[in-house]
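Trainee: I'd like to learn how to read a model like this, one feature at a time. Please put it up on the screen.

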Amino acid sequence: MAGSGQKLQHTEAKPLVELEGVRRSYLQGGGELEVLHGISLKIYPGEMVAIIGPSGSGKSTLMNIIGCLDTPTAGSYKVNGTDTAKLGPDELAALRRDFFGFIFQRYHLLGHLSAAENVEVPAIYAGVRPKKRAERSALLLEKLGLGQRLSYKPAQLSGGQQQRVSIARALMNGGQIILADEPTGALDTKSGAEVMKILTELNAQGHTIILVTHDPKIAASARRIISIEDGAIKSDEPNLQAEEAGADGSGHLSHSLIKNVWAKSFRAFYDRFKEAFIMAWRAMLANRMRTLLTMLGIIIGIMAVVSVVALARGASEQIMANISSLGTNTITVYPGERMGDVRSGRVRTLTERDLHALSGQPFADSVSPSVQASVLLRRANLEYNGTAQGVSADMFRVYGYQVSSGRLFTVQDVERNAQICIIDHNSAENLFGSTDPVGKTILVNSVPLAVVGVLEEKDSPFVRPDSLNVYLPYTAAMTRLFKQNYLSSIVVRVADGFSTPVAERAMVRLLTSRHGRQDFFIQSSDTIMKSISSATLTFTLLISAIAVISLVVGGIGVMNIMLVSVTERTREIGIRMAVGARQGDIMAQFLIEAVMVCLIGGFAGVALTFALGSVVQSLTSSITLSFSAVSVLAAVLTSSAIGIVFGFMPARSASRLNPIEALARE
Ligand code: ADP
Ligand code: MG
């Protein structure tokens, strides 16, 4: 009779919650265990309902279905007229976030967040601006008597206080329907009574309250009591004693405080991303040691790659530098058809005019002729065999030579047929001993030449180590020393920006047309360079591939730890889902965490490699490291890619967790 009276009150209103023949069964031990056997139930706005029944009767199962944490195996469930079977995971999350507010027996607060931050969590997922969030969370906690405890962690609060924090959290986004599963079950009588007083007040302010309890004394404060036994409704009656309780209607915890104008904007998306970032950061800080160990794998991998590439580049640069000192990018023209041509001595077509023609070419950086012959060197009573080479002022530039004392030739020296010479280190030692040769005169085949400079000591084919070498302007050599009007060879240094083969072809064309036939041959350093640089490239690639393997191992380490982290934090994931996190929110949080671990590891790896590199280089000069911006950038990109690739699987498995099973995990 009383039950029909209750229903009569609501014939006009639309039910908030409407269950029709709801069944829920679990797969257990190969068979199906049905826990709810066709529950039909309507709950109207503003009601305060207690669901009562013995332990194991299916109350929590029913509550989870009402709260959209779980779905019925049969029957229909409508929230506000919408069939929940038609809703996707994110729409169900939206219902949990904006419509329901959960209060659990074991509070289910996040241990690493403060009271105020715990209360804010549902608003984060709803896209409420940080300032507004903090204000409302502080206001709610203050109303619930926790104004002095905003920054306390759950572990620093009593059970009753924790439950009040969880009530504030349920109200954060409005909490039009408050679902409380044994809210007093873990509390002492006094705290339990306080919680019940708050719930009654909330009901008086317009919140619909659905309360699950096994305790008839707790149920007594509800205005409608539904009793279930063994998965079926046994009775559903109004509780007349409770009708007048707590209805002061002051309205200060009203649920219309929040308007989510931001919820769909880019700004809200950015905010949620930022929150996911902060959450990931906190999770990393909360597990410092584990984070560090995970990072170590990435650090070592990145160090291996960066240092190996730097080593390989350093080695190849050193080899190239050595080759350069032998005269990089030089092309030499010799008379005769090929090397060792017996007629080459008689070929006299390579002349000064060829030299001028070549030096006018754009590909020629500098051009130098050479006339060369064995000579007799004399000074005072000393006599030596040596080699005299007539060169241009450019010759020293062609081979990259400097003098250790005195000066090089000038263009004027060459033009004036100046009778001067530059001698190499050996000649200086043999002819002059420890005195400075500059300014003195030597006789070369009886021609007096004033020494103007001494060449620095350097390995190069230009200076024959088995002979005493004397250099003089080629003009002087041709007119005064050798009395010949042709050249022994011409060396061209190819200008930067021109490839040696191109310059070589142009030279052949030019000289052939000048001479009428190809009575000369050409040699260049390019061929050697090419084979060496391709060898070092292969070497670099091979050794980098090996280093990349260590990065992959590091990445697997990240995946492993992230999987552990997901398992460990299953309950946290469940709580976040219960208060309205979307699958994407959970995914983002874990993915960002993986990427951050890898990125920080990547930066640390690069920094450590640099530090180690400078230490090594200060200790020994035999190892050359050449760091390139590209390898550093590649390392950082690679480490974030590793984070995404190896973090994806754990993040996805976290986002696909069933909220109920996740919550049940301890
Ligand atoms: P109550 O909250 O009324 O104590 P529950 O709704 O938690 O009861 O559980 C009802 C029945 O369903 C119990 O017998 C329980 O063993 C069973 N049950 C609950 N959850 C699961 C599950 N995930 N798998 C199998 N059986 C379950
Ligand atoms: Mg239960």
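This is a predicted model: local features need pLDDT of at least 70, side-chain atom pairs count only at pLDDT 80 or more; totals for chains, interfaces and linings use all residues.

Trainee: Let's take α2 then. Which residue just after α2 takes a positive phi?

Mentor: That's Cys68, with a phi of about 60°.

Trainee: How many residues of α2 are buried?

Mentor: Buried means under 20% relative accessible area, exposed over 50%, and partly exposed in between (1.4 Å probe, protein chains only). Seven of the eight residues of α2 are buried, so the rest of the structure largely encloses this helix. The buried ones are Lys59, Thr61, Leu62, Met63, Asn64, Ile65 and Ile66.

Trainee: And what about α15, at residues 474–481?

Mentor: Helix α15 is mostly covered, with six of its eight residues buried. Look for Tyr474, Thr475, Ala476, Ala477, Met478 and Leu481.

Trainee: On to charges. How many salt bridges are there?

Mentor: A salt bridge here is a side-chain nitrogen of Lys or Arg within 4 Å of a carboxyl oxygen of Asp or Glu. That rule gives 22 of them. Start with Arg23 and Glu34, whose closest N and O atoms are 2.9 Å apart. Arg23 sits in strand β1 (residues 17–28) and Glu34 in strand β2 (residues 31–43), so their bridge ties together parts 11 residues apart in sequence. Both ends are partly exposed: Arg23 has a relative accessible area of 35%, and Glu34 has 30%.

Trainee: Which residue pairs with Arg24 in a salt bridge?

Mentor: Asp70 does, with 2.9 Å from N to O. Arg24 lies in strand β1 and Asp70 in the loop between α2 (59–66) and β4 (74–79), so this bridge links parts that are 46 residues apart in sequence. Here Arg24 and Asp70 are both buried.

Trainee: What does a salt bridge within one helix look like? Show me Lys190 and Glu194.

Mentor: Their closest N and O atoms are 3.6 Å apart. An α-helix has 3.6 residues a turn, so residues three or four places apart point the same way. Lys190 and Glu194 are four residues apart in helix α7 (residues 189–204), about one helical turn. Lys190 counts as exposed at 62% relative accessibility, whereas Glu194 is partly exposed at 32%. Salt bridges can also share partners, and that joins Arg569, Glu572, Arg576 and Glu593 into one network.

Trainee: Now the ligand. Which residues are around ligand 1?

Mentor: Count a residue as near when one of its heavy atoms lies within 4 Å of the molecule. Around ligand 1 you'll find Tyr26, Gln28, Val35, Pro54, Ser55, Gly56, Ser57, Gly58, Lys59, Ser60 and Thr61. Both β1 and α2 supply at least two residues of this shell, and α2 gives the largest share, three residues.

Trainee: Which side chains make polar contacts there?

Mentor: A polar contact is a pair of N or O atoms within 3.5 Å; within protein, one must be able to donate a hydrogen and the other to accept it, and residues adjacent in sequence count only if both atoms are side-chain atoms. A polar side-chain atom of Tyr26 is 3.4 Å from a nitrogen atom of ligand 1. Ser60 places a polar side-chain atom 2.7 Å from an oxygen atom of ligand 1, and for Thr61 the distance from a side-chain N or O atom to a ligand oxygen is 2.5 Å. On its own ligand 1 exposes 560 Å² (Shrake-Rupley method, 1.4 Å probe), and the protein buries 64% of that.

Trainee: Last one: is Ser392 buried or exposed?

Mentor: Buried, at 8% relative accessible area. Ser392 sits in the loop between β13 (382–391) and α12 (395–398). Its side chain makes a polar contact of 2.9 Å with the side chain of Ser368, and a polar atom of the Ser392 side chain lies 3.4 Å from the backbone oxygen of Val367.

Definitions and conventions
Residues are numbered from 1 along each chain as its sequence is written. Chains are lettered from A and ligands numbered from 1 in the order in which they are written. Side-chain values use heavy atoms; hydrogens and water are left out.
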